[in-house]
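This briefing goes through the sheets, helices and cores of one protein model. Please keep the sequence and the structure open while reading.

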Amino acid sequence: MSDTVRYDREGAIAVVTVDNPPVNALGQAVREALAAAFDRFESDDAEIAVLTGAGRLFLGGADISEFGKPPTEPSLPDVIARIERCSKPVVASIHGAALGGGLEVALGCHYRVALTGAKLGLPEVSLGLIPGAGGTQRVPRLAGLDAAVEIMTSGKPIEPEKAQMYGLIDRVVSVDEPRLAGIAYAEQLLAEGATPRPTRDLPAPDSPKRDLETWREVLEDRYTGEIAQVRAAEAAFRTLDTPFDEGMKLERETFLDLIKSRQSDALRHAFFLERKVSRLPEIEGVEPRNIATVGVIGGGTMGAGIATACLLAGLSVTLVETDAVRAEKAYLTISKNLDGAVERGKMSEEGRSRADLTTTVEYEALSEADIVIEAVFESLDVKRQVFAQLDELMKQGAVLATNTSYLDVNQIADATGRPQDVIGLHFFSPAHVMRLVEVVVADRTAPEVVATAFALARKLKKVAVRSGVCDGFIGNRILSHYRAAATEMVLKGASPYQIDAAIERFGFKMGPYKVADLAGLDIGHATRTRKGPQPGEVNPDWDDRLNEMGRLGRKTGRGYYTYDDGTKEDPEVQQIIEDIRAEKGIEPREFHETELVERYMTAMVNEAAKVVGEGIAQRPLDVDAVLLFGYGFPRFRGGPMKYADHVGLRVISDRIDRYAAENPEFWQKAPLIAELVERDGTFEELN
């Protein structure tokens, strides 16, 4: 045995315990030790075996750090086959979680018991893969095809009670110790004279309610652009007429084919960057300041959302508004948010009763807060006034944070006598739901304040990304550029609806014009007014006219779309655009969907490369994280920088050259792209 797997006896029962913290991942050493443990079980006089996991869960699945590397023996399918062909019964005792390969191991055991509260699932599609160790062949034989396809294609874990209903496990027990639960079940099975019960020997499942073609249509609609879900369904359907061993062979071929795909590469990139973005040399070993009490200034949508996020994390919150009516409204909004969190299972009743929220009109109530987060009107003058007040009021060592979306954090910090304590925390709305926070580090922000911002984000369960200071930081700066590319295409002949449809088919949940309606057209109008004309950018005159008409998007019921009866295109908007083209003497041309997507994405990548080249984002993966978690970028494409590497930087460079022939001011190539193309480099190598 190795240190990762223990073998011991309880009378006639052999107990095999995987102990590979933190999640009992099934790396090569564990696989080898498991195979050895069951060889030993076969050769000794134990009559039944219990397989369980040490620590907080059963088995967490494959070690994904091995993905993309040459395979090492024994493979997981071989280990599971070794367990399944044991001549004496094997019981899996599941606690915490049995996910992916962990559940596949359990399905290779002959009997399965789960502790209440455990989670069982096959989340491989979230990495662009299908179950690769028998999941597509064993789950249908146990649960039926419809249930199997739902489990595999959603990737979501299920409760043990539902798993028992499906037939994936045999019993659910309310005990705290998986070893004891497994032994108790094994003793019962011995008393009953139980024999091995290999899942592979079960008959083919009954005919499903939906045939494969129907499932394909459902999955293609549900997971637009993704490929793993359909491939998982196809593999599962082979159980209807394919022998087990042949089904396993085809499953493995599909798994290995997908692991080489762009989508799986992108999804694995997205998975790992969640952990990498917070690893910053500048805060390595730096102790963050203690944060227990939070002040929030402003109780509008953003301020209320920030306060809610802090309360959900167990922090004490004092929110300041300008008058009693607004303070009461903020209190009611936050209370409603918390009640909703309880209903959705995101907060316990006990946690709700402990939520410590105060709303007030008195700035003095913030004097002892560990951090204050300002979320007032997006005006530099207003924010500087607020920070000047905070400077006089706040205790020494308190962190002063601004939630500005665009403004210069250095100028805000200069309004205080303690610029080292000032930082930007750009939350995304709704702040208690959206996972992204841009941590905007000003020129004089102290390292421990940066460390504190990242520690707070972790406590709030947010993905924090470091940004330098510029107009719009990482996300909104890049957004302004690809939105400008869309505006140029509309002026030349595309319709907003055509662009939205193309971008949604690319994988975004919403196209740019639906997003504009959701945010409010007055927001974009205010930003353009503040910034003034930009070199090479087309002014969206139609946007200004919609503002003048009071058509501000969803909040007024009309914007680019109408919202009286669902979301519908509006011929009036198209007519306004056509009138403006006529006024400018522009003869509209046709745009193919491919060109729409390529121009949009090339503008995004080009500006992102400038952001990295200027040091606003330290690494390409920081850009990918911002666009993935804050702007709805399709996860299965990995982010704009991963997309660019897949397409090829030389292709991106050639597109820019082509577009620059029409508008050289706007399409100025990022020096970083030119440099990487010159040496056949990639964005990935800069991570």
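Two strands count as paired if DSSP finds at least two bridges between them. The model is predicted. On that basis, 6 strands make up an open sheet with mixed pairing, in the order β1-β2-β3-β4-β6-β8. A further open sheet, also mixed in its pairing, has 8 strands in the order β11-β10-β9-β12-β13-β14-β15-β16.

- β4 (residues 90-94) pairs with β6 (residues 111-115) in the parallel sense, over 4 bridges.
- Within this pair, Ala92 has Arg112 of β6 as its bridge partner, and Ile94 stands opposite Ala114.
- β6 also pairs with β8 in the parallel sense, over 3 bridges, and here Val113 stands opposite Arg171 of β8.
- Helix α7 (residues 178-191) lies across β1, β2 (13-18), β3 (48-53), β4, β6 and β8, and runs at about 160° to β3.

**Burial of strand β6**

- Is β6 enclosed or open to the outside? Of its 5 residues, 5 are buried, so β6 is largely enclosed by the rest of the structure.
- In a regular strand, side chains alternate between the two faces of the sheet.
- In β6 both faces are covered: Tyr111, Val113 and Leu115 are buried on one side, and Arg112 and Ala114 are buried on the other.

- β11 (357-360) and β16 (463-467) are the edge strands, each pairing on one side only.
- β9 (residues 293-297) and β10 (residues 316-320) are joined in the parallel sense over 5 bridges, with Thr318 in β10 as the bridge partner of Gly295.
- Helix α12 (residues 301-312) packs on this sheet and touches β9, β10, β11, β12 (371-374) and β14 (422-427). The direction of α12 makes about 165° with that of β10.
- Helix α15 (residues 380-393) lies across β9, β12, β13 (399-402) and β14, at about 170° to β13.

- Buried here means under 20% relative accessible area. In helix α26 (residues 640-647), 7 of the 8 residues are buried, so α26 is largely enclosed by the rest of the structure.
- Which residues of α26 are buried? They are Pro640, Met641, Lys642, Tyr643, Ala644, Asp645 and His646.
- These buried residues pack against α11 (262-276), α19 (496-506), α24 (593-613), α25 (620-630) and α27 (649-660).
- The axes of α11 and α26 come within 10 Å and cross at roughly 150°. Angles over 145 degrees count as roughly antiparallel, which makes α11 roughly antiparallel to α26.
- The crossing of α11 past α26 is right-handed.
- At this contact, Arg262, Asp265, Ala266 and His269 of α11 meet Lys642, His646 and Val647 of α26.

**Nonpolar cores**

- The largest nonpolar core has 75 residues, and Val623 and Phe683 have the most contacts inside it.
- α24 supplies the largest share of this core, with 11 residues.
- Which residues does Phe683 contact, leaving aside its neighbours within four places in sequence? The contacts are Val605, Ala609, Pro620, Met641, Ala644, Asp645, Leu649, Leu672, Ile673 and Leu676. Of these, Met641, Ala644 and Asp645 are among the buried residues of α26.
- Another core, of 67 residues, lies apart from the largest one; Ala33, Ala98, Leu120 and Trp215 are among its residues.

**Helices α22 and α23**

- α22 (residues 541-548) and α23 (residues 571-584) pack at an angle of about 130°, with their axes 9 Å apart.
- α22 and α23 are therefore oblique to each other, and their crossing is right-handed.
- From α22, Asp541, Trp542, Arg545 and Leu546 make the contact; from α23, Val573, Ile576, Ile577, Ile580, Glu583 and Lys584 do.

Notes
Residues numbered from 1 in each chain as written. Predicted model: local features only at pLDDT ≥ 70, side-chain atom pairs only at ≥ 80, totals over all residues. Heavy atoms only, no water. Buried < 20%, exposed > 50% of the residue type's maximum accessible area, 1.4 Å probe, protein only. Helix = DSSP H or I, 4+ residues; strand = E, 2+ residues; numbered from the N terminus. Contact = heavy atoms within 4.5 Å. Axes fitted to C-alpha atoms, helices over the stretch in contact; angles between N-to-C directions. Core = buried A, V, L, I, M, F, W, Y, C linked by side-chain atoms within 4.5 Å. Parallel < 35°, antiparallel > 145°, perpendicular 65-115°, else oblique. Left-handed = near helix turned anticlockwise from the far one by under 90°.
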